[in-house]
Amino acid sequence: MASAMMESLFQRTLDDLVKGLRLQMVGESRYLAKALEEVRKEMKSTDPIIKVTALQKLTYLQMACGADMSWASFCAVEVMTMTRFSHKKVGYLAASQSFHEGTDVLVLTTNLLKKDLGSKNEYETSLAIECLSRILNADLAAALTPEVFTLMASSRSYIRKKATLVLLRVFVKYPDAIRVAFKRLVEKMDDADPQVVCAAVSVLCELTLKEPRAYLPLAPEFYRLLDKSSNNWLSIKLVKIFGALTPLEPRLGRKIAGPLCDLMRKVHAKSLLFECIRTVTLGLRDHTGAVKLCVEKLRENMDLGDPNLKYLGLKALAALMDSHPWALAESKEVIIKCLNDGDISIQRRALVLIMGMVSESNVVETVQVLLRYAQSADASFCNELLSSILQTCGRARYEIVSDFGWYVTVLSDIACIPHSEHGGEVGRQLMDVAIRVESVRTDVVRACCGLLADPALLGRPALQGALCAAAWIVGEHITRAPHGPYEVLEALLQPRTRLLHFSVHAVYLQTVLKVFVSYAISYQHRYFAKKEVLEQEEVVTQRGSLHAAVELIKENITPLMNSVDMEVQERACNVLGQLQPFEDPNDIHRVQDGFEMLTALSEVFSLDLGPVSVHAQGRVPLPENLLIENNLDALGPVCGSDDVLLNTGEAKTSTSYREWEAEFNFQPPSKENLSGVDPSSAALLQQHRHRYENFYLPSDAPVVDYPPAQLTLSAATTASTSHGPTDSSVFNENSLVWTKPRQAKARRPAVVALDDEDDLPGISTPVSKKGLKDELVFEAIRDALSADRNKGHSAADGLETPQGTSSSRKSGHGHRSTKNRDATNPRVDEIQIHAGDGVGQEADSQTPNVVHREHRRSRHHRPSKLEIHVINDGLSSENESEGTFKLSEKAHKKKHKHRSSHPRSRRPGKSPVSNSQNSGSIPDFLL
Amino acid sequence: MKPLYRSNQVFIHPSNGSFTGSALLKLLSKLAHHRSCPRAQSLASAQLAVEAHRQTPHHSPVTMIRFILLQNRQGKTRLAKYYIPLEDSEKHKLEYEVHRLVVNRDPKFTNFVEFRTHKVIYRRYAGLFFSLCVDITDNELAYLESIHLFVEILDHFFSNVCELDLVFNFHKVYLILDEFILAGELQETSKKAIIERMGELEKQD
């Protein structure tokens, strides 16, 4: 007794605990552990007050510090059973915070919850309902459905409201409850208390959004409520419901358009306004009046300058993008301005809209605008802009690009923009264009030479993919180089190439060899054609002579013979080996030998490399005796830890730089390494500096780093520079013509396409599969609705329109509609029996007494033909429910594209054919 | 090497012991089409459904509120209520991520942030961030207004609410929240009604 007194006297209260916790600056975890230890001890106490306080403390620690409280679940139940309200509520709070479906003590709570739900004290009932909404599992839901059902009819609106809201959870966990309670839920829409109506509509809204078709019959009710609703929250929910229903039923759209427009005109609450707009964009796209009003309202709101409204406006416009391009065209100025907004989410939205409107006719102007924005944007958004340009233009084999010369300059501009990190993709597209579009190769080579010559680009690791591609392209098509091979050699051998990653450097060296070969061969031709003239020329331009080239290469490549990278070293040796015959220009014989060798090489290099389809491997017939499926485990020890690099891309260089970087953990050499240096390379640097003056800083002081790349938005910006000032805000936005994308025209150069390329991975939206529980809910609700309907139940007034519906009249007193009963008649014309393809079927183990259902996508709808798919009948006990039946009705009303679910008949003797659609029941008021 | 699964007719060994989920699915779908062996078919299709179910996301889109968080600028959670079942570790990760997401946003930015597959609607009051997570298609402005309504109720109830009120009376805040939102749905839109309810709740012993 005395010890209990002491305990309660010295127990730390919640306030003490919180204060103590706030004082702990560093040793919080130690304090926490101590506090938890205390709580553990106090929980064992017999004194209810100590126990309650301990539980409350634990709840706080769980919420604020993430302490585990699963061990205290039994204590929570104990406190829940206490009679004093102030204790009880602590228990309930702990339970709703910490219990979950699988908590083992949940079985103990059933009776307790039953008692508290039926309590006279409405606050106790309210506690129980709240807790129920959090901890409900299938068993609890099954046991407590009657209680919730009773509470929905309670005389106190406070309880009715809560019971109605919790019904949704019950439905989800225990779909059979729908048969019991759905009618009452619908009745609640006529409740005297507006909050109860609101609760009922909330629940129905939730259900409708999951499976709208089942709720079409309730449309008149919703319409009536919307008509008289003065509560914005209720209106929002109702408008949302119509947003789900109208796409299914065009006549409903016609009916609702008028009231919705009125609502939009008079409403002040922006939330409701935007909900209306959303509904219009979802289901009323064909109602020009409504759409026009939306666009008008959107523009009004976006002009207010509130970022939230701007964001929502852009979102709504995006929904109209496909069906009403004019809406975007009208608001394009606002959209383009949004690119400048500081908020990344607004910028992104605007970018999506702009990219969505790009077509062949406006791609040049749009890309030009975006490139301008990219120069001033921050790094991450800049890259998003660039990647969306690359993606959009590269889409479907450069569908929207008609002027490839322009596009190539865009690509090189993208590489040059300071924040750009898209070297890999730029490189890939450059190569792709160079290979596929022959007529534009000269332009590509010119652009690539520009990229290679710019020393600033070499210092940016992200761009090495582009440089690699550029080097390869120039090497392949050196004859097209604008300033001749010697310039290219100089660019390829500039001192900063040491910053390149080895794998890129190796490509550079190979290019040097190719360029040298081409250079030497052309030199030879000239030499033998008119020797005298050439000698004179040689005197004039020492720089261009063969000897100068040899010296240049030797000077720069010799250090690479000691490179740590094997590939670089080998290629450097190769190049130098080819040069040896030319070392002494006076030794005519050796030079002759050298020329012969180079001629042979040049024949090899001159073969054109074409694109290779990614599927090419598949077309190679498999040798008969190749055992490709053999287990190769035995080879493990032989292969050892060798990393075999497989290039799966279309071409060698398509492997992105990033992969290389990750592979080799590459760090670019530091500046000290570069400039700290032997005199020879300093001299080289000096020479190079002299040669490419315009790329260097003007002063003679030691160069710390290179100035940013020379951004010459040459072709892309000529149009705007001729307009005047280059400020992006002054850009003539009207020059954008936004129309629907058109087909490519004839003047577009030929793009080499490989066959079987069309099945490239496109954008496919994954079909989301609904959860098991959801399916059960829809089934049950569909049944509940159709049962009400077909029985002509007088109590279902809430459901029934005054006039009744056409199909319900037709259906008579049968369980299913006549149409479907006809279809189930055994005297069908044709029965197809299919085996297999049972994806998505599952016997439900949790609720064995619930209907089994299957769903499948019905693809073929031929009128007056019935298909029945039977997988197996009673083959194994666990799968006896797997007969799948698909009825394709006469396409009398509309296309059925959605996945339909079929409840299986529960009566064993009856033929298991089910109602496939319930959409036949369209309220008369719509007709 | 374990057998993949066993039936009367089918007995499969994965040859190299490393079947991934998708490989398993492929195999099973092949089996399901294997006409000569009906038993294999039925077993495979049941297994297939389970696999497919496992691979789909657990929460299908609904309009309810997923969770509500009150955090201060340092990222301390002052209140957290989840309306969907989540593991404890997941909750902490989520709180951390939401805080990271909202704490550095400029007041001139939108109050909506995309968060995983959902979106967070947040509002800052002094040093406290009130964040609501809802479905991506849900009505942002309505929830923004409801956050404000909730804060007004708190302000009225604690008369000039400050962070400490919420810390020391966290259980009361939960009670208010439960009067405001139930099962992830807004249940009461009248400030007056909730204040009156709270008054009566306080009177209960």
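## The pair A:Tyr123 and A:Tyr158

In this predicted model, A:Tyr123 is buried, with a relative accessible area of 3%. A:Tyr158 also counts as buried, at 4% relative accessibility. The structure holds 19 aromatic pairs over all chains, and A:Tyr123 with A:Tyr158 is one of them: the ring centres are 5.9 Å apart and the planes stand at 50 degrees, a tilted arrangement. A:Tyr123 belongs to helix H8 (residues 122-135) of chain A and A:Tyr158 to helix H10 of chain A, so the pair ties together parts that are 35 residues apart in sequence.

A:Trp406 has a relative accessible area of 6% and is buried. A:Tyr407 is buried as well, its relative accessible area being 0%.

## Packing of H10 against H12

Helix H10 of chain A spans residues 157-173, and helix H12 of chain A spans residues 194-210. Their axes come within 8 Å and cross at roughly 10 degrees. Angles under 35 degrees count as roughly parallel, and H10(A) and H12(A) are therefore roughly parallel to each other.

On the H10(A) side, the residues that meet H12(A) are A:Ser157, A:Arg160, A:Lys161, A:Thr164, A:Leu165, A:Leu168, A:Phe171 and A:Val172. On the H12(A) side they are A:Gln195, A:Val196, A:Ala199, A:Ala200, A:Ser202, A:Val203, A:Glu206, A:Leu207 and A:Lys210. The residues of this contact divide into 9 nonpolar, 4 polar and 4 charged.

A:Leu151 lies in helix H9 (residues 138-152) of chain A. With a relative accessible area of 10%, A:Leu151 is buried. Setting aside neighbours within four places in sequence, A:Leu151 is in contact with A:Leu117, A:Thr125, A:Ile129, A:Ile159, A:Arg160 and A:Ala163. Of these contacts, A:Arg160 is also among the H10(A) residues that meet H12(A).

A:Leu108 is placed in helix H7 (residues 106-117) of chain A. At 44% relative accessibility, A:Leu108 counts as partly exposed. Not counting residues up to four places away in sequence, A:Leu108 touches A:Phe74 and A:Val77. A:Leu108 and A:Glu78 are 30 residues apart along the chain, and their C-alpha atoms are separated by 9.8 Å.

## Positive phi in a loop of chain B

The loop between helix H4 (140-157) and helix H5 (163-168) of chain B contains B:Ser159. Phi of B:Ser159 is near 35 degrees, a positive value in a residue other than glycine. B:Ser159 has 56% relative accessibility and counts as exposed.

B:Asn160 is found in the loop between H4 and H5 of chain B. Its phi is positive too, at about 65 degrees, although B:Asn160 is not a glycine. B:Asn160 is exposed, with a relative accessible area of 64%.

## Chain totals

Chain A comes to 43 helices and 2 strands. Of its 927 residues, 54% count as buried. Among contacts in chain A with a separation of 6 or more, residues 24 or more positions apart account for 71%. The accessible surface of chain A is about 43,200 Å², and 54% of it belongs to carbon and sulfur atoms.

Chain B has 7 helices and 7 strands, and along the sequence they follow the pattern α-α-β-β-α-β-β-β-α-α-α-β-β-α. Buried residues make up 54% of the 205 residues in chain B. For contacts in chain B with a separation of 6 or more, the share from residues 24 or more positions apart is 43%. Chain B exposes about 9,500 Å², of which carbon and sulfur atoms supply 53%.

Terms used
Residues numbered from 1 in each chain as written. Chains lettered and ligands numbered in written order. Predicted model: local features only at pLDDT ≥ 70, side-chain atom pairs only at ≥ 80, totals over all residues. Heavy atoms only, no water. Helix = DSSP H or I, 4+ residues; strand = E, 2+ residues; numbered from the N terminus. Buried < 20%, exposed > 50% of the residue type's maximum accessible area, 1.4 Å probe, protein only. Contact = heavy atoms within 4.5 Å. Areas by Shrake-Rupley, 256 points an atom, 1.4 Å probe, with all protein chains shown as cover. Axes fitted to C-alpha atoms, helices over the stretch in contact; angles between N-to-C directions. Parallel < 35°, antiparallel > 145°, perpendicular 65-115°, else oblique. Nonpolar A, V, L, I, M, F, W, Y, C, P; charged D, E, K, R; others polar. Phe/Tyr/Trp six-rings, centres within 6.5 Å; stacked < 30°, edge-to-face > 60°.
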